[in-house]
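Good morning, colleagues, and thank you for your time.

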Amino acid sequence: MTEDAGQRRRGRHSAAPVKTSRHSAPALAQVPAPQPQLPQQQRSDERYTPGLASRAVAFMAGRRAETHARFFLPHLAPGLNVLDLGCGPGTITLGLAAAVAPGAVLGIDAGSEQLELGQRAATAEGVTNVRFDQASAYAVPLANDSVDRVFSHALLEHLAEPERAMAEAYRVLAPGGVIGVCCPAWDGFLLAPGSEEVDAAIARYRKLQAANGGDPLIGRRLGTLLGGAGFTQVRLDARYERYVDAYRISEYLAEQLDTEGESSHADTLRQWATQPAAMFAQAWVSATAPANRRPSDWDAERPNRKAEPTCG
Ligand SMILES: C[S@@+](CC[C@H](N)C(=O)[O-])C[C@H]1O[C@@H](n2cnc3c(N)ncnc32)[C@H](O)[C@@H]1O
């Protein structure tokens, strides 16, 4: 990419000029800790629907890179630097760190409690190439063009301004970098056996998430969102995740419904999940895209097309 193209690309999204430099693993590790500006950076009309109660956090902590970042693993290699946007308790982040070591991974999240979990797990597992910082996806504490890969799983559906988060991803991604994002499409839920009551409970939860500023159908918008942020050649994929324990996911949703005074919907879900044949499956959409690449480069670099994994 020419310097002019770089300037144009940076100018489009950055509010203030930030020193740009090609990074290395230590450069990412040296990123200054974010300033305590989080409340101003977050929107006041946005609320993270699952909350940070221990059951919700434990639910996220069951995720792993091999399962939930599978669509992105072919784009990782030793020595690359990665930003994980909305990393939560960091279990996926640790898997990304293993894939890029000795490169570095920075996980950022608005919730500090979860970051402590991630840091503790890293320490326990002896993972030294990962760092967790509290920061908003709306104001990533990194310089322009400073990371090789941006990854984000299950974040955008909770944001009132996912466009802003994707603009930030575009800003910090170095030319030739790659983004990988995965989000659900709640209209693709598959609950069996079905019933009007259980559909109504899911619809209520969807409304709750929308009222909190999020978009439960955002999976369907990933292509347009990334395109709007400046990414071209977005590749979309989709998969179903069948939850091994239908009760666990139902309880996770029921807790939030209870909190909102929707106990009858919560009970419906709990009762539904006690059926021996209950199946709860969720549709996920993933998107990958290169940052400012010539089409031919991207095509040449695509993982073996025949062996390309399906998302996740
Ligand atoms: C559903 S969890 C996903 C966590 C992890 N990526 C995973 O898939 O298991 C969404 C995470 O986004 C975080 N989050 C919500 N709004 C955020 C924002 N504006 N900036 C950064 N993180 C945010 C929440 O604190 C939460 O940890």
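Let me start with a term: a residue counts as buried if 20 or more other C-beta atoms lie within 10 Å of its own, as exposed if 12 or fewer do, and as partly exposed in between. Please also bear in mind that this is a predicted model.

Q233 lies in the loop between α10 (222–229) and β7 (235–242). Because 15 other C-beta atoms lie within 10 Å, Q233 is partly exposed. D145, in the loop between β3 and β4, has 23 C-beta neighbours inside 10 Å and therefore counts as buried. Phi is positive in D145, about 55°, although this residue is not a glycine. Q233, also a residue other than glycine, has a phi near 55°.

For context, most residues other than glycine have a negative phi, and most peptide bonds are trans. Another runs from A192 to P193, with omega near -5°; P193 belongs to the loop between β6 (190–192) and α9 (196–211).

I turn now to helix α6, residues 91–100. Eight of its ten residues are buried, among them I92, L94, L96 and V100. The partners of these buried residues include β1 (82–85), β2 (105–109), α7 (112–125) and β4 (147–153).

Leaving aside neighbours within four places in sequence, A169 is in contact with L85, V150, I179 and A229.

Helices α11 (residues 246–259) and α12 (residues 263–273) pack at an angle of about 175°, their axes 8 Å apart, so α11 is roughly antiparallel to α12. Their contact involves L253 and L257 of α11, and A266 and L269 of α12, among others. By class, nine nonpolar, three polar and three charged residues make up this contact.

Finally, the ligand. Which residues come nearest to the ligand? Of the 22 around it, they are G86, G88, A110, G111 and A137. The shell comprises eleven nonpolar, nine polar and two charged residues.

Key
Residues numbered from 1 in each chain as written. Predicted model: local features only at pLDDT ≥ 70, side-chain atom pairs only at ≥ 80, totals over all residues. Helix = DSSP H or I, 4+ residues; strand = E, 2+ residues; numbered from the N terminus. Contact = placed C-beta atoms within 7 Å. Near = placed C-beta within 6 Å. Nonpolar A, V, L, I, M, F, W, Y, C, P; charged D, E, K, R; others polar. Axes fitted to C-alpha atoms, helices over the stretch in contact; angles between N-to-C directions. Parallel < 35°, antiparallel > 145°, perpendicular 65-115°, else oblique.
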